[in-house]
Amino acid sequence: MNTLAARAEAVKLHQLLGADATSLPFLARLPETQLRRLRDAVSERLFAQDQALFRRLAAVAAQLPVLLVIPLCRAFGPMLSARIVGEMPAKRAAACAVHLPADFIARICVHIDPRRARDLIGRIPVRQVVSIALKLVENGDYPTAGRFVDFLSDEAIQAVLDTVPDEADLLRIAFYVDSRNRLDHLIRMLPEARRRKAVLLVLDEQSDLLDEILSLITSVGYSLKRELGDLAAAQDVAVIARIIHRVQEQGLWGDLLPVVASLSEANLRKVANLPILRDDPQVLDSLLLAADEHELWRSILPLVEMLDDTTRNAFALAATRVGPAAIKRAAHAVLVGELWEPMLDLVRRMPFDKQCEFAGVLNGFRGVDPDLDRRIAARASAHGLSPALASVGIA
C-alpha cells in the first residue's frame, strides 16, 4: 500500500463530499485502491442524482445563444453549472467556456468529474487551460489541479509547466495526480534543472514539502526513482535523518524501501550506514517489519553487504525481534534470490537459539536439490553455524 497516495486519495474524497479534511478520520485507515474505488462510486452516485433534470437544463442551454448561457451560469453558480455543463455536448460547452473568466471555471472544475468531461477538456484552448491552472494554484486548490492532469494533452501540460514558476506548486499538484504513469511522464517533461530544484526543496524546512517530495520519489518509475532518490541521498546527513524521522513517524517504510534499493552504490552505502539506523532500535524494527509486510526482503538483504560491522550487528539484533514467521519468509526470499551470504552473515551474529530457528527453516528446504543442500551447509559452516545446523540434524 502506498501510504502517501492513500492520503492524497482521502483528501480528494473529502473534497468530493464537501467535508472538512478531518471530519472522516476512518478514511486514513483505508488503502489507496479502496479509497479510489470509493471515490469513483461516490462520484457516480452524485452525478446520477437528478440527472434527468440536468439533462433537460443542458438541452435548453444548448439551444440558447452563448451570450445568454454565460449569465445563466453565473446565476446558477459553480456547482449547478458543473452539473449542467457535464450534460451538454462538448463542443457547445467549450464554446461557452471561452467566454467565462478563468476564476469562475476554476470553481466549476471543483465539481466536475474529469472522466465525464474528457471531450470537453480536450476542446479547451491551451491558453485558457493555463489561466485556469494558475487560478487553481492561486486558490491553493492543488487536489483539483491534480485530478485533471490525466486528461490534459502534452501540449497543455507543457504550457502549464512553463507558466507555473514555483516548483513547490508543481510538487503540490503532483501529490494529487491520479495516474502514476502520467505522473512519471509529467516529471520527464520538466527540464532536469527543475527536477533537481524540486527535490532540493527538501532542504527548505519552512516549506514543509517532505510528504510531497517523498510521494514524488516513491511514485515514479525506476529510472526517475533512482535519479531523484540519488539527489535526496546526496544531501547532508542531517537532511537525510530528517527524511527518515518523517518516514518513521508516518509509517512510510513500505514506500521508501524500493527507493533505497534503487540508489547508486555510493549513496546506498551512505544511507545504509546512517547513525540513525544503527542507533535507534525502533527505526530498524519498523524498517524490517515493513520489508516483511511488503515482501521486500529481496531488496533489503543485498544492503547487508554494504553495512559496516557495527551496523550489521544492529541489523542482526533487530532481525531477532521480527519473529519466526518473518524469518521464514526472509529465508524463502533468500532461496529464490540466492542471497545466502548476506543472510548467513546476519544469522551468525544472532543468539544461538535464533540461529537454531533459522537452521530449522533451512532443514525444510532439504531434499529438493542435493547440490543446493551441500552449498548451503558449506556456506553456513563457513559462517560458524555448524552447531546450529547440528541441532536440527544437518551435518
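Trainee: How do the residues of the lining of the second largest pocket divide into nonpolar, polar and charged?

Mentor: Happy to start there, keeping in mind that this is a predicted model. The second largest pocket has a volume of about 230 Å³, and Arg 7, Ala 10, Leu 27, Ala 28 and Arg 29 lie nearest its centre among 16 lining residues. By class, that lining divides into 11 nonpolar, three polar and two charged.

Trainee: Now the largest pocket: which helix supplies the largest share of its lining?

Mentor: The largest pocket holds about 610 Å³ of space, and Leu 16, Ser 43, Leu 46, Phe 47 and His 111 are the nearest to its centre of 27 lining residues. Two or more residues each come from helix 1 (3-17), helix 2 and helix 4. The largest share, six residues, belongs to helix 2.

Trainee: How many charged residues are in the lining of the largest pocket?

Mentor: Let's go class by class. The lining has 11 nonpolar and five polar residues, and its charged residues number 11.

Trainee: How many residues of the lining of the largest cavity are nonpolar, and how many are polar or charged?

Mentor: The residues closest to the centre of this cavity are Cys 109, Val 129, Ile 132, Phe 148 and Leu 152. Helix 4, helix 5, helix 6, helix 7, helix 8 (126-138), helix 9 (142-148), helix 10 (154-163) and helix 11 (167-174) each supply at least two residues of the lining. The class tally is no charged, no polar and 32 nonpolar.

Trainee: Which helix gives the most to the lining of the second largest cavity?

Mentor: About 290 Å³ of space lies in this cavity, with Ile 240, Leu 256, Val 260, Leu 263 and Val 271 nearest its centre among 24 lining residues. Helix 14 (210-219), helix 15 (222-233), helix 16 (237-250), helix 17 (253-262) and helix 18 (265-272) give two or more residues each. By class the lining has 23 nonpolar, one polar and no charged residues. With five residues, the element that gives the most is helix 17.

Trainee: Why is helix 6 largely enclosed by the rest of the structure, and which helices are included in what covers it?

Mentor: Helix 6 is largely enclosed because six of its eight residues are buried. Those buried residues are Ala 102, Phe 104, Ile 105, Ala 106, Ile 108 and Cys 109. What covers them includes helix 4, helix 5, helix 8 and helix 9.

Trainee: Where in helix 4 does the kink lie?

Mentor: Compare the span first: helix 4 (residues 66-87) has 22 residues, yet its end C-alpha atoms are only 16 Å apart, short of the 32 Å that a straight helix would reach. The buried residues of helix 4 include Gly 77 and Pro 78. A kink of about 120° lies shortly before the proline Pro 78, at Gly 77.

Terms used: Residues numbered from 1 in each chain as written. Predicted model: local features only at pLDDT ≥ 70, side-chain atom pairs only at ≥ 80, totals over all residues. Heavy atoms only, no water. Helix = DSSP H or I, 4+ residues; strand = E, 2+ residues; numbered from the N terminus. Expected span 1.5 Å × (residues − 1). Bend = angle between axes of the 7 residues up to and from the residue. Buried < 20%, exposed > 50% of the residue type's maximum accessible area, 1.4 Å probe, protein only. 1 Å grid on protein atoms, 1.4 Å probe; cavity = no way out; pocket = protein on both sides within 12 Å on 5 of 7 lines; lining within 4 Å. Nonpolar A, V, L, I, M, F, W, Y, C, P; charged D, E, K, R; others polar. Points joined across faces, edges and corners; volume = space filled by probe spheres on them. Contact = heavy atoms within 4.5 Å.
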